[in-house]
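This report is an introduction for a reader who is meeting the structure for the first time. Please look through the sequence and the model before reading on.

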Amino acid sequence: MTSIRKTLIFSIVGGLLLLTVISGFLGFFWARHSLTHQFDTILAAKARAIANLVEDEEGEIHFEFSDGNMPEFLSEKSDHFFQVWSPDGSVLARSKSLAGQNLPQQWGSPKDPEASVTELRSGVNVRTVGFQFDPIQEKNEVRFVGPSKGGKAAIAVARDTTDLEAILAKVLLIIVSCVLLLPAASAVVVSIAVSRGLRPLGALAGRVAEISASSLKTHINDGEGVVELQPITARLNDLLARLDIAFDRERRFAMDASHELRTPLAESRTALEIALKWPEDQQLLLGSANHALDATYQMEAMVAALLSLARAESGSADGPVESIDLPDVVRHCFDHVRDLITKKNLELSMSEWDVINISTNKPLATAIITNLVSNAVQYAPVMSTIQCDIIQKVDENRVGLRVINSMAVPLSDDDLDKLFEPLWRKDKSRTGDEVTPEVHFGLGLALVKAYCEKLGVPVHVSLSGQMFIIELSFSGTCRLSKRRAS
Amino acid sequence: MRLLVVEDSRRLRQSLEEGLRRTGYAVDTAADGQQGYEMARAGSYDVIVLDLMLPNMNGIEIIRKLRQQHNDVYILILTARDAVEYRVEGLRMGADDYLVKPFAFDELVARIQTLVRRKHGLKNPLVVVGPLEINTSSRTAARNGSVLDLTAREFALLEYLALRKGHIVSRTEIEEHIYDGRIEPASNVVDSAVCVLRKKIDQPDHGAKDSLIQTKRNVGYVLDAVDTEA
């Protein structure tokens, strides 16, 4: 797992180390170049000053070096050296410090002298600057520099580089120290800065950790005062709101489910307790056993419906796609509840449809229509009308199924959002009426929705006055043909 | 004691009716809220056992309406709703007790007995009338320590008289509180029942001299401790 803290520290310190090394190298070479250039410039200036002491008097070369001019060349132990050559190549003069040694003969011009590093015989490393030049001539007491008849003289001035190397070594030491210390120091600073920077993240993590299933209504302050965290807290708050709704739904579902089971449990328990209280009464025992059995059947039916819902809400539609005659399936579903339709004296309004074949998962489509029809018949008041339409949308390759019925317990617009919630029912009494004494669980439409989502069938519910309208839209290959009279 | 059970679950309603009747209560039942409310308003019940989620009119609405009419009948809510807010709402609306389904039948009976005692201002389940000891909790009666062999209805009659000991109880009151809608009491059913009960509690081997149940001509009956001992 990556760590923002480590990534930031390694990135910043690594980058800084790289930059420092490059800067150190560049700095060192710049310092070395500058110091050497300055060293050479001074040597060149001294060389030019000494060269000015070389005179050509009518072809005769003279060198007049005054002791007081440049005392650094006088001592035998001096670290300054010079050597002058006559145009004929003979040594005209050399400083005492050279003690008979020769400086290298590398010549440039007075403006651009040649520089080099040489080790003298004495073992001293020297940096030498040398150039050829025209000696100063004098004619009619006028001194001038011009082409000498005798040719160009040459001069080399050198200096022990020990001091220069010592300075460069110090510079190098400073740069290396900086290269080593700066990243180390920056690692500490960056670590502190990152820790401070990430502190709001830690605080946010703490706040999130405090949120439990019972405190999902908690609102995290926008960004905890940090701009960069605002998008995260906004998304977290959105997530919390969604979780709260989902948890609320689950809690309600659990409460409803337990409530649904409480009544049949109470029926069963009371019946059995009463039977056992008067065990000598066989008739009571038999009646109580029947009550307990009926209550068990009710619980079993409810558990089966809940399991169907759980299965429907998980995974995708299994099973092959096959062609079904939608009107035929709808008719069969109404036939299954024909007794109840008769009992409730309901009127069915259905057209004589042609064959409309759709390609779909047959068991799921049948389950959807069965639940839809059963729901309409169960909840329609006695002596009312159920209208069922099948709408062919050939151009869209879709078939719509619409069921319209009035409700014994009228619905409101607010109820439409809750219709598909498992175990939700408008009538809180949860027992059937005199005509349909069966207990309803409120799972029919939840199953319809779950199955429809599996098949990708859109469901739409609406109210038109007292009428409840539910519409499904099956997609897939539709084939229409005339129904033959059977 | 006469009870009204308002419960929309047919099976539970029938079981409760059977069990409570066998325990010695006169029981009327209603399957929906509207019917239950009408019966509660019209009848003279000692305790109403009331479900909350009922068709046509919910239990809370029934309680609210009854209390608005200054009907002080004792109401025990019997519901599957166990959340605190429902209990609080029910009790605040004027219910006297709350029992959540599923429940133990004996607990329900005990709670009904408590409400009955409370109605008659008693805390002790043992009612003593001279040599007679009536235990409203175990629903047994004894005279001088000898347990009386009483049927459920005979005990109910004795209990009703004992709870109002020293007071004249009219025949109408006995009819209203001891007999439910199943029985159409004939004109002499109360007299006959009192006669049978009197024989059982005043048996010579119990040392009876004069009856503990005295007849007040054209008014009713009084159960009271009189100088009956030999």
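## Where the chains meet

The contact takes 24 residues from chain A and 21 residues from chain B, two residues being in contact if their C-beta atoms, placed from the backbone, lie within 7 Å. On the side of chain A that touches chain B, the elements that give two or more residues are α3 and α4 of chain A, and the largest share, twelve residues, comes from α3(A). By class, this side of chain A has eight nonpolar, seven polar and nine charged residues; here Ala, Val, Leu, Ile, Met, Phe, Trp, Tyr, Cys and Pro count as nonpolar, Asp, Glu, Lys and Arg as charged, and the others, Gly among them, as polar.

This is a predicted model, in which local features need pLDDT of at least 70 and side-chain atom pairs count only at pLDDT 80 or more, while totals for chains, interfaces and linings use all residues. Residues are numbered from 1 along each chain as its sequence is written, and chains are lettered from A and ligands numbered from 1 in the order in which they are written.

## Helix α3 of chain A

Helix α3 of chain A covers residues 230–277, where helices (H or I, at least four residues) and strands (E, at least two) are DSSP runs, numbered from the N terminus. With 48 residues, α3(A) reaches 67 Å from its first C-alpha to its last, close to the 70 Å expected, the expected span being 1.5 Å times one less than the number of residues.

Among the buried residues of α3(A) are T233(A), L240(A), E260(A) and I274(A); a residue is buried if 20 or more other C-beta atoms, placed from the backbone, lie within 10 Å of its own. What covers the buried residues of α3(A) includes α2 and α4 of chain A together with α1 and α5 of chain B.

## A hairpin in chain A

Strand β1 (residues 54–57) and strand β2 (residues 60–63) of chain A run antiparallel and are joined by four bridges, two strands being paired if DSSP finds at least two bridges between them. E57(A) stands opposite E60(A) in β2(A), and the two strands form a hairpin with two residues between them, where E58(A) in the turn has a positive phi of about 55°.

## Chain B and its open sheet

Chain B has eight helices and twelve strands, and buried residues make up 43% of its 230 residues. Four of the strands form an open antiparallel sheet in the order β6-β7-β8-β9, with β6 (126–129) and β9 (146–147) as edge strands that each pair on one side only.

Note on methods
A residue is buried if 20 or more other C-beta atoms lie within 10 Å of its own, exposed if 12 or fewer, and partly exposed in between; C-beta atoms are placed from the backbone.
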